[in-house]
Amino acid sequence: MPFQPFADLPSSLRAERQDALAILRLARPEKRNALDDAMVRGIETFFTALPDDIKAVVLAGEGEHFSAGLDLGELTRRDIAESIAHSRMWHRSFQQVEFGRVPVVSVLHGAVVGGGLELAAATHVRVAERSAYYALPEGSRGIYVGGGASVRLPRLIGASRMAEMMLTGRTYDAAEGQAIGISHYVVEPGAGLAKGIELARRIAENEPLTNFAIMHVLPRIAEQDPTSGYLTESLMAAIASGNPQAQQRLKDFLEKRAPKTVQQ
Ligand code: 1HE
């Protein structure tokens with residue numbers, strides 16, 4: 001079913017709804033899903049205007065690649081001040097992905113490079129198909145990352161690995177990417193979307209307040225000094241467990257109506 005609230009998205013983005021999930025696809029395969037201004041603004045619009053009954057989002061790319069990053073064709077047309085504003089626009093957009101209302105599962109395949117990797121890094125769960133590979137070609141193009149990678153990637157893979165990727169143009173394949181912390185899962189080619197949807201459905205069943213804490217409170221605690229972090233954690237824990245829905249879920253477990261935590 002097409003997603004009516006997003007009828008004004010650019011044709012390079014396709015949104016659809018599956019029950020409580022929204023699926024957003026980068027749909028510019030002829031340019032390997034290179035991200036132009038319309039797409040980056042469209043991503044911001046999509047995440048800002050998500051209907052209240054959407055509980056999780058799956059982000060994927062059409063064609064052979066997730067995304068070839070920044071549309072290099074647009075780059076030559078900007079002066080320095082415009083480039084700063086452009087990077088800030090990417091930051092705003094990807095902030096809506098990372099710190100929006102609902103968790104986002106990305107499905108990665110083929111090239112996940114430059115700005116494509118920056119977009120993936122803003123999502124909460126990353127599923128890679130075996131074809132996925134990661135690179136930061138900015139070094140060889142004479143530019144620098146501008147979509148938040150300097151902040152987000154060191155958290156995933158460390159500043160040293162990121163610097164080495166940029167200096168040498170190194171690519172990591174899907175298995176290596178999982179080993180260093182880029183993706184959480186690796187699946188067979190063509191199986192990414194189904195896995196992404198399966199995970200998003202599970203996420204959508206969580207208590208919204210817990211998902212909020214995971215998205216908004218956990219990353220802030222991780223940046224606090226430990227003493228403040230422990231305090232913030234205790235406050236969030238008390239708020240979450242005081243939630244009547246949490247009380248009901250605990251009761252359901254104790255009265256054997258809820259599933260056990262078993263190895264999958
Ligand atoms: C593009 C772009 C692009 C493809 N901007 N047009 N990103 C990069 O440096 C990666 C550049 N792209 C590539 O290395 C390759 O295209 C791929 C490895 C991703 C795919 O290769 P392939 O053989 O499947 O496709 P292709 O033939 O290279 O490209 C098909 C078309 O897409 C072609 O256009 P056409 O009109 O000649 O058909 C390409 O020009 C076009 N295309 N990638 C514009 N990126 C906020 S700062 C972020 C900074 C960055 O992201 S820097 C990294 C940029």
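Before the details, note that the model is a predicted one.

I will start with strand β2, residues 21–26. Is this strand enclosed or open? Of its 6 residues, 6 are buried, so β2 is largely enclosed by the rest of the structure. Buried here means under 20% relative accessible area.

Now the neighbours of β2. Strand β1, residues 13–18, pairs with β2 in the antiparallel sense, over 6 bridges. As an example to find on the screen, Arg14 has Arg25 of β2 as its bridge partner. The hairpin of β1 and β2 has 2 residues between the strands, and in it Asp19 takes a positive phi near 55°.

β2 is also joined to strand β3, residues 56–61, by 6 bridges, and these two strands run parallel. To get from β2 to β3, the chain passes through helix α1, residues 37–48, and this β-α-β crossover is right-handed. Within this pairing, Ala22 has Val57 of β3 as its bridge partner.

Next, the domains. The chain is divided into domain 1, residues 4–204, and domain 2, residues 208–254. Their C-alpha centres lie 27 Å apart. In the contact, domain 1 takes part with 9 residues and domain 2 with 6 residues.

How much area do the two domains bury between them? The value is about 620 Å², with 59% of it on carbon and sulfur atoms. On the domain 1 side, Phe99, Pro103 and Arg155 supply 57% of the area buried against domain 2, more than any other three residues.

Arg155 comes up again when we look at charges. Its side chain meets that of Glu223 in a salt bridge, at 2.2 Å from N to O. Across the interface of domain 1 and domain 2, the rule finds 1 salt bridge.

Last, Pro189. Where is it? Pro189 is in the loop between β9, residues 185–187, and α9, residues 192–205. Its relative accessible area is 54%, so it counts as exposed. Leaving out residues up to four places away in sequence, Pro189 touches Glu129 and Arg130. Pro189 and His109 are 80 residues apart in sequence, but their C-alpha atoms are 7.9 Å apart in space.

That is the end of the talk.

Technical notes: Residues numbered from 1 in each chain as written. Predicted model: local features only at pLDDT ≥ 70, side-chain atom pairs only at ≥ 80, totals over all residues. Heavy atoms only, no water. Buried < 20%, exposed > 50% of the residue type's maximum accessible area, 1.4 Å probe, protein only. Helix = DSSP H or I, 4+ residues; strand = E, 2+ residues; numbered from the N terminus. Pairing = 2+ DSSP bridges. Right-handed = clockwise from strand over helix to strand, strands pointing away. Domains from an automatic or database assignment. Contact = heavy atoms within 4.5 Å. Buried area = accessible area lost by both parts, 1.4 Å probe. Salt bridge = Lys/Arg side-chain N within 4 Å of Asp/Glu carboxyl O.
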